[in-house]
Amino acid sequence: MTPDEGPAIPGIPTDRPTSARVYDWMLGGKDSYEVDRDMLRVGLKRFPEGVDITRQNRQFLYRAVRYLAREAGIRQFLDMGCGLPTNNNVHQVAQEYGTSTRVVYVDIDPIVLAHGRALLADDDSTVVITADMRDQEVVLGHPDLQRLIDFDEPLAVLFLSVIHHLTDADDPRSILRTVIDNAVPGSYLALSQVVSEDEEYARATTEYMNTTRVPWVTRTPQQLDAFTEGLEPVDPGMVNLVNWRPDATQPPLPPVSPELETYVGVTEKSDKLYEYGGVLRKP
């Protein structure tokens, strides 16, 4: 049953699209409303890379978290703008390699909180909090975060496919660096964002997304690189996510809706728009 077929959930906007629900539909989920699907139907006609980009980012999440938990030994994660839960969420991947791992999910969309609480009802080591990642003081002051995260130990901060929702007026570098710059050495930052090296295409995607009331800035790879100075990139560095330690054996994502199948594989023919990022260590 999709949300449209049931009663509206109090506090959840149904008159405008939200990034969490739009992403969920592209990931094969069912927690979207018609307003989300309509926005995506129009957007994909102009920017057909969207489905591939979203799914590539989710596959990168698995590989990045696996690296951080298995090879880097990280046992606490802070996931900013986490989105709706799906298969192989951060806590599920990380806890395969350390049962003591603690995870704090942060998202502003109340539907994320509703689904997250249901998923984590019996997990005292993981929590989802409703907060705006743009207000790092509020995020870091949340009692659930303070209960689970020990800032005297290395941690991993994730900003995956959310930086493009931060406008220049938000001061994205400051938001991105608040935690990692104050974390102990040996902590990590994993990040990704939609980029284009074609300035006209970047401007067009930015303008379109903002007409949907979803804040958005398509940046260049160089602009994202500027946010990470002073941190050490983990091999292979900051790259198109399909090139970050690809693994054909990793768990597959749920299939997309039949309506979106035509967009799967578009980025194999066009790289005008792609997801760029990586994992970096604080020395």
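**A walk through the pocket and cavities**

Hi everyone, let's start with the largest pocket: 35 residues line it, and S19, A20, D107, I108 and H165 lie nearest its centre. A pocket here, on a 1 Å grid over the protein atoms alone, is an open set of points with protein on both sides within 12 Å along at least five of seven lines, while a cavity is a set where a 1.4 Å probe fits but cannot get out; lining residues have an atom within 4 Å of a point.

A quick word on the source: this is a predicted model, where local features need pLDDT of at least 70 and side-chain atom pairs count only at pLDDT 80 or more, though totals for chains, interfaces and linings use all residues. Residues are numbered from 1 along each chain as its sequence is written, and side-chain values use heavy atoms, leaving out hydrogens and water.

Back to our pocket. Its volume is about 750 Å³, a volume being the space filled by probe spheres set on the grid points, which are joined across faces, edges and corners. Helix 1 (19-26), helix 3 (50-71) and strand 2 (102-107) each give at least two residues to the pocket's lining; helices (H or I, at least four residues) and strands (E, at least two) are DSSP runs, numbered from the N terminus.

Now, how many cavities of 30 Å³ or more does a search of the whole structure find? The search finds three. The largest cavity has a volume of about 310 Å³. Its lining has 23 residues, and M26, L40, G50, M209 and W216 lie nearest the centre. Helix 1, helix 2 (34-46), helix 3 and helix 9 (199-211) each give two or more residues to that lining.

The second largest cavity holds about 120 Å³ of space. Of its 16 lining residues, C82, G83, P85, N89 and Y105 are the closest to its centre. Helix 5 provides the largest share of this lining, three residues.

Finally, look at helix 2 and helix 9. Their axes come within 11 Å and cross at roughly 165°, with axes being lines fitted to C-alpha atoms over the stretch in contact, and angles running from 0 to 180 degrees between N-to-C directions. That makes the two helices, helix 2 and helix 9, roughly antiparallel, the word for angles over 145 degrees. In helix 2, M39, V42, G43 and R46 meet Y201, A204, Y208 and M209 of helix 9, where contact means heavy atoms within 4.5 Å.

Notes
Parallel < 35°, antiparallel > 145°, perpendicular 65-115°, else oblique.
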